[in-house]
Amino acid sequence: MKSAPLLVTLLVACSHSAGPANDHPGPTTPTAAPDPAGTTAAPAPGAHAVTLSIIGTNDLHGAIERLPLFAGFMANLRAARAADGGGVVLLDGGDMFQGTLESNLGEGADIVRAYNYLGYTAVAVGNHEFDYGPVGPAATPRPGEDARGALKARASEAKFPFVVSNILDEATGARIDWPNMPAGTLAVVAGIKVGVIGASTESTPYTTMPINFVGLKMAPAAAAIAAEASRLRDQGAQVIVATMHIGSNCKDVEHHDDASSCDRSEEIFKVIGGLPKGTVDVIVGGHTHAGMAHKIDGIAVIESYANGRAFGRVDLTIGPDGRVAAAKIDRPHLMCALDKDHNPVPVAQCEPGSYEGKPVVPDPEVQKIVDAAVARAAERRKELLGITVTRTVTRAHAVESAEGNLISDLMLAARPDAQLTMTNGGGLRADLPAGQLTYGQLFEAAPFDNRFAIVDLTGKDLRKMISSNLRHAGGILSFGGLTARARCQGKKLELEIRVGGKPIGDATHYKLATSDFLASGGDGVVGKLKLPDGAVQMTDVIIRDALADVLRGWKGTPRATIDPGKLVSKQAPRLDYEGKRPVSCGGAAPDQEPGE
């Protein structure tokens, strides 16, 4: 496939607290790549207006195969800005790595290589950036290992800073002081000084592997952003952009001045409401895997779904006086058409068309990075598990799903020492397609390297856990070996729970097999129970690989054919409740829990 090299005429000179741009270790950037340090002098502000295109990506989750195409879009945009004397600021809203076999095998190193080539100005730190734990195959630290080792390794390889203003050292109360991870950075783009600030969702401690976050704590994002913005303004920043792993969900992304379709209960509205007017010009969001393209309290806010599906764009006009004169917001730009299920078509079938007046051509140098990652993962990805799926096994985050029930049933088959199993809706990341099931498809559905944990709890604990999940929105819990019927009796929620078909006893002890993420406090599910010491036993068994072993063992048996219609029933759901979650019995339901 023919391709045009990325242009080198764009000027993005970066400096940050980790040192001058590109002076830290990192993989060699191909010579055709845009030079983040800049090679050409742009016209000085004051002579005429300058256009800065702020481009935002977010929640790539390891979808590295989308990056050569994205590089083609950026090459066209950079050419357009170079022609009119403007520039491009390329940012990411976090959760770059975790999610695909190709990315996970190298703990995100190939994503950093590709981002280096693409010429990112800065990236935010998402909650899932902590998932890999220490360097190496273990997802959680052993004695003497750094629980943030993999994240620090990726930051050290990057030719752009990982900006994060609101993660603190719990012991000192000071912001973390890790190499190439400043609170913000000052970049000079087309002669304009652009300050970029990073922030992470306050839900990070319990939406990553909690043990990997021990010793850290979150600070409110608004105050941290405001303080860093003041510092950058003092250094001459004319534009301030916050790239943050915080977002919302807006059903309408066409009417940029009307945010009425946005979910105002999401964290980003709290952040915006806490910022003094004029603090920030643009926000690149993330975390919610949704769309935003809105002017909110004077700030241009963009978020562009997930998995490399789209990118966001704000064009700022900087007037002769060096101030922001106008902001033009684009809706999230889909790089490929969507199929009938509203998922992007495979890259091989994608016809991106033109952008900025030129055909979009995937970049061959980024493709080389992708091809190497794909080759390393190919043999494992293509392995047939001996299972036939009759129809797509669909997932759901907030309601009972065929995939949630299948995964919890497989967990029960993998752990005969347990009487019931539990997984969470946020841990399901892709449907299982119809046809012969491969390990790669199972990996995409369950991409996190969570280990089994065995939890000793009572029937009373089960009641509390299920009641809490029903009374909240957010991710639903999926169970194997358990059914529950919930009905309101006045203002009280009555629960009838059965384990193995038998009614539970409140004082009876049960063994629950779940993930180390949930058992160690993730999503607040088990942590709320305040179980005694010794109630949770961790294992070294990766859940996904144990499930693959179960499926392989079903080969040649009647269980080798999976019919999703038999996994979930509207007439007999495993969690039987009236209406929708959060369930409220004559009073206000608790607040929604944070998402993944």
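Predicted model: local features only at pLDDT ≥ 70, side-chain atom pairs only at ≥ 80, totals over all residues.
A disulfide is taken here as a pair of cysteine sulfur atoms within 2.5 Å. Residues are numbered from 1 along each chain as its sequence is written, and side-chain values use heavy atoms, with hydrogens and water left out.

Three disulfides were found in a search of the whole structure. With bonded cysteines counted along the chain, the pairing pattern is 1-2, 3-4, 5-6.

In the pair Cys336 and Cys350, the S to S distance is 2.1 Å. The torsion about the S-S bond is about -105 degrees, so this disulfide is left-handed. Both cysteines lie in the loop between strand E16 (324-334) and strand E17 (354-355), so the pair ties together parts that are 14 residues apart in sequence (helices, H or I, of at least four residues and strands, E, of at least two are DSSP runs, numbered from the N terminus). Cys336 and Cys350 are both buried (buried, under 20% relative accessible area; exposed, over 50%; partly exposed, in between; 1.4 Å probe, protein chains only).

The sulfur atoms of Cys250 and Cys262 are 2.0 Å apart, and the link is right-handed, with 105 degrees about the S-S bond. Both residues lie in the loop between strand E11 (239-245) and helix H7 (267-273), so the pair ties together parts 12 residues apart in sequence. Cys250 is buried at a relative accessible area of 5%, as is Cys262 at 7%.

Cys488 and Cys585 are joined with an S to S distance of 2.0 Å; this link is left-handed, at -80 degrees. Distant parts of the chain are linked: Cys488 is in strand E24 (residues 482-489) and Cys585 in the segment after strand E30 (575-576), 97 residues apart. Cys488 is partly exposed, at 32% relative accessible area, whereas Cys585 is buried, at 6%.
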